[in-house]
Amino acid sequence: MKTRPSLALLGPRCGVLPLSHADAGRRLDSPLRWGGLALLVAFLALLPFVADGYIVYMACLVAITIVSVVGLNILTGYTGLLSIGHAAFNGVGAFACAVAATRWELPFWLAIPFGGLMAAAAGVLVGLPSLRIKGLYLAIATLAAQFIFLFVVQHWTSVTGGDRGLQVPSPQVGGLRLDSDFRLYWLIVPVAFAMCVFAANLFRTRIGRAFIAVRERDYSAEVLGIDLLRTKLLSFALASFYAGIAGALMAYFFRIANPEQYGFGSSILQLTAVIVGGLGSILGSILGSLFMVALPEVLKGLATLLSGADAARSAVMLASARELVFGLLIVGFLLLEPFGLAEIVRRTRARLAVWPFRT
Amino acid sequence: MSPFSLFLEYSLVGLASGGMYALIALGFVLVFKGTGVFNFAQGELMMVGAYVYLTLTQMLGAHWALGLLAAVAVGFALGALVERVVLRPLAGQPTLSIVMATVGLGLVLKGGAGLLFGPEQRQLPELLPRKPVFVGEILIPGGVFWTFVASLAIVLACLAWFRFTRSGVAMRAAASSQANAYAVGINVPAISAATWGLAASTGALAGVLLSALNSLTPHLGDVALAVLAVLIVGGLDSLAGVIVGGLAIGWLQAMTGAYLGGSWREVMPYGVVLLVLLVRPHGLFGRKEIERI
């Protein structure tokens, strides 16, 4: 995999003079960056009060997608292990959470991590062959795992409810039921925010660097003293944990967990988000998720505009148009902008830094 | 009928449908062997071929032979175009990019077909005789039997072509070592494009045969996912493995379908995939990948 040029950004910048090693590694090293963070937090906190219900609903959906896509990016973008079955781990998380919430009546703050942990366990199981097989073969194995997962969910009706799925009660905080999008927003968005911060910082630690080393050349990484099996399994576990948390949030958000949501199509959507956003970039995962959730809505708007009254026909056409556009995006980004939206942002930033001169 | 003759009947029908799998898998193996790319869009190339055939024979009223010829020609052109426009610029990129490019391509074709032809199931005109064939006292549906014969004939023709013709040998040379192929004056890029074209042509034939047997929707290509098992069992780069793998999976699927039920039939190939990947990743006949550091 090509090395990303983004490390250049960590070097000295205008108006910032790092005096120690700790200073140089700091992310929030200037008033500008503190200001940016404060602005982002303020925006997220104010959004549900000023925006209408539709925007809040979409914001929740984007946040959930971000959690899942960040997980997939840890596995595929940072560790270089291609998974075409990520949605299966969403499913494991969703069903584990749903069972915990309905059968055992666990509160949400236990049920959601339980979903994440069960997904992580499933991830380790699927990741076990990853030492022996890699690249294409691993991708095929994850694809097979995806279909086997769907089969298990559809046939283990006593636990999963089969095709009908499981109804999930709204989470409860004290006496307050989080039963509207507005209320769930305050659960979903902080979780997504925290998980993004964790992931971004992970790649400044020994473990995160080991992931990247494995991606670049796994045998060379082993020579450097990185335990390959442990690192790959950890990456699988972490990615699936993220997927599981996203699945659990999804279960609470849609109030149902059913196998339809966690099929091959959803896996492909998440991979598209990773590629469009940028492989090996947290910012990319965020941008990619935003893009991939917003895009079908735009298409939907266009479809109703074009086809007018015939709703059933336009829904069918919409599904095809979605596939077409997703496919074009994947191929187009891979050919023309392999590092995705994140790279566009980086380039723009670099250009702005020396504006009005040319880079 | 005794349980044993029932078993025989299931076995024969299973083996017969395995011939179809072998033909579908052939397109994957050609491309993988020739260019090292696993083409997730192969199923969609099949589907395109079938729609070309449908358009010509049913909508324009052409003779079936003309339709078949057109399907093969369009398949060839499309395959070569895809190689030139998408895969060649990605040469040397990590597996991830190449795999995702073919997945994206498949989505484009599927979505495009959906927009053009709509989601309706379409019935192709009869291509092969429907009259059932009797083996002893066991009955095999005519469509299944003749599809088996046609599929196997196409696969064997490809094998013979690789073995005995000049262009076939050139393809094998380019597959085994690009540098050496260049050195003896083979036009490797042209060979790659031709390999893709050939794979797409066999795919188009498979698509026509398959949809004449069942029916045609833009989702015809999804069958190709079930064929993964054939490829993994036989080995991704083995032409002979395609036949053995196809027959084996066809038989296994008939068995699971008959004795365990329809939904097991769907999931069985994926179980086989995982099992083989764990025990013998290069399959029965595939070449073991040796990685140099």
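This is a predicted model: local features need pLDDT of at least 70, side-chain atom pairs count only at pLDDT 80 or more; totals for chains, interfaces and linings use all residues.
User: Which residues of α9(A) are buried?

Analyst: As a general idea, an α-helix has 3.6 residues a turn, so residues three or four places apart point the same way. In α9, which covers residues 206-216 of chain A, the buried residues are Ala210(A), Phe211(A), Ala213(A), Val214(A) and Arg215(A).

User: Which residues touch the most other members of the largest nonpolar core?

Analyst: That core holds 203 residues, and those touching the most other members are Val67(A), Cys97(A), Ile188(A), Tyr242(A), Leu249(A), Ala25(B) and Val273(B). Its largest share, 16 residues, is supplied by α11(A). Leaving aside residues up to four places away in sequence, Ile188(A) touches Cys60(A), Ala63(A), Ile64(A), Leu249(A) and Phe253(A). Another core, of eight residues, lies apart from the largest one and includes Val144(B), Phe145(B), Phe148(B) and Ala254(B).

User: How many residues does each chain bring to the contact between chain A and chain B?

Analyst: The size of an interface is often given as the accessible area lost when the parts come together. Counted in residues, the contact takes 34 from chain B and 37 from chain A. On the side of chain B that touches chain A, the elements giving two or more residues are α4 (95-117), α10 (228-234) and α12 (262-279) of chain B, and α4(B) gives the most, with 16 residues. The residues of that side comprise 25 nonpolar, eight polar and one charged.

Notes. Residues are numbered from 1 along each chain as its sequence is written. Chains are lettered from A and ligands numbered from 1 in the order in which they are written. A residue is buried if 20 or more other C-beta atoms lie within 10 Å of its own, exposed if 12 or fewer, and partly exposed in between; C-beta atoms are placed from the backbone. Helices (H or I, at least four residues) and strands (E, at least two) are DSSP runs, numbered from the N terminus. Two residues are in contact if their C-beta atoms, placed from the backbone, lie within 7 Å. Ala, Val, Leu, Ile, Met, Phe, Trp, Tyr, Cys and Pro count as nonpolar, Asp, Glu, Lys and Arg as charged, and the others, Gly among them, as polar. A nonpolar core is a set of buried Ala, Val, Leu, Ile, Met, Phe, Trp, Tyr and Cys residues joined through C-beta atoms within 7 Å.
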